[in-house]
Amino acid sequence: VLLALIAMLAFTHQQESVAQVRSLLQELDPGTAALIFICLCIVAALVKFPVSVLFVISGAYFGLWIGFALNLLGFITGAVITFLISRHLARDLITQLLPARPLNILDQLGNHGWKTVAVLRAIGVIPGVLVNYAMGLTKIPLRTYIWASLAFTMPNDFILTYAGVAGEAFVNGGDLRKLTIAVSLIVAAAVAGYL
């Protein structure tokens, strides 16, 4: 319930931001807007910007199905780039910065393969950028990381995209039914993550 209230408050206070982003995107053709949005998702995956905000904006601007697809494409591209940076370019630097205990924990998590990715993606408590960098330090194969990330991010991605659609419908037409469904889905996802 608390997460649902926070989501409602966050959406209410970001109406102006969503309107500004939407007005900027409306000046572009849909293909260019989609490309810019995917690039924003990739950058967000690299720098610890909450992609959930982008997922909501995508739903509000592109609609449910196109927004959902763009969210997945942008998210997984950013996640793979971050994973590869951690594994191949910055591995030595990151392992030098981390104490031995977290490195041991990462080694143990890597032994569980897709199950580790599934849990970290499904509950969504740890920011995605940290998951991306951390999983790059494990023995998890890239292919496993990609399919598990996609499969277990889809539900949360869909819910956040739908929240954007519902928020847009509420702001423009006062459609409380969609907003109620979106809040219910957010609460259900939070309960499922907790369980």
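These are my notebook entries on a predicted model of one protein chain.

**Ground rules.** I number residues from 1 along each chain as its sequence is written, and I leave hydrogens and water out, using heavy atoms for side-chain values. Since the model is predicted, I take local features only at pLDDT of at least 70 and side-chain atom pairs only at pLDDT 80 or more, while totals for chains, interfaces and linings use all residues.

**Overall fold.** I looked up the secondary structure and found eleven helices and zero strands, where helices (H or I, at least four residues) and strands (E, at least two) are DSSP runs numbered from the N terminus. Of the 195 residues in the chain, 39% are buried (buried means under 20% relative accessible area, exposed over 50%, partly exposed in between, with a 1.4 Å probe and protein chains only).

**Cores.** I then searched for nonpolar cores (sets of buried Ala, Val, Leu, Ile, Met, Phe, Trp, Tyr and Cys residues joined through side-chain atoms within 4.5 Å). The largest has 25 residues, and those with the most contacts inside it are Phe 37, Phe 62, Leu 70, Val 117, Met 135 and Tyr 145. The elements that each give two or more residues to this core are H3, H4 (51-62), H5 (64-89), H8, H9 (128-136) and H10, with H3 supplying the largest share, seven residues. A second, separate core has nine residues, among them Ile 159, Ala 163, Ala 182 and Ala 189.

**Helix H10.** After H10 comes Gly 174, whose phi is positive, near 70°.

**Ala 118.** I found Ala 118 in helix H8 (residues 114-123), and it counts as buried because its relative accessibility is 7%. Its C-alpha atom is separated by 9.7 Å from that of Trp 147, 29 residues apart along the chain.

**Leu 40.** On helix H3 (residues 30-47) I looked at Leu 40, which counts as partly exposed because its relative accessibility is 45%.
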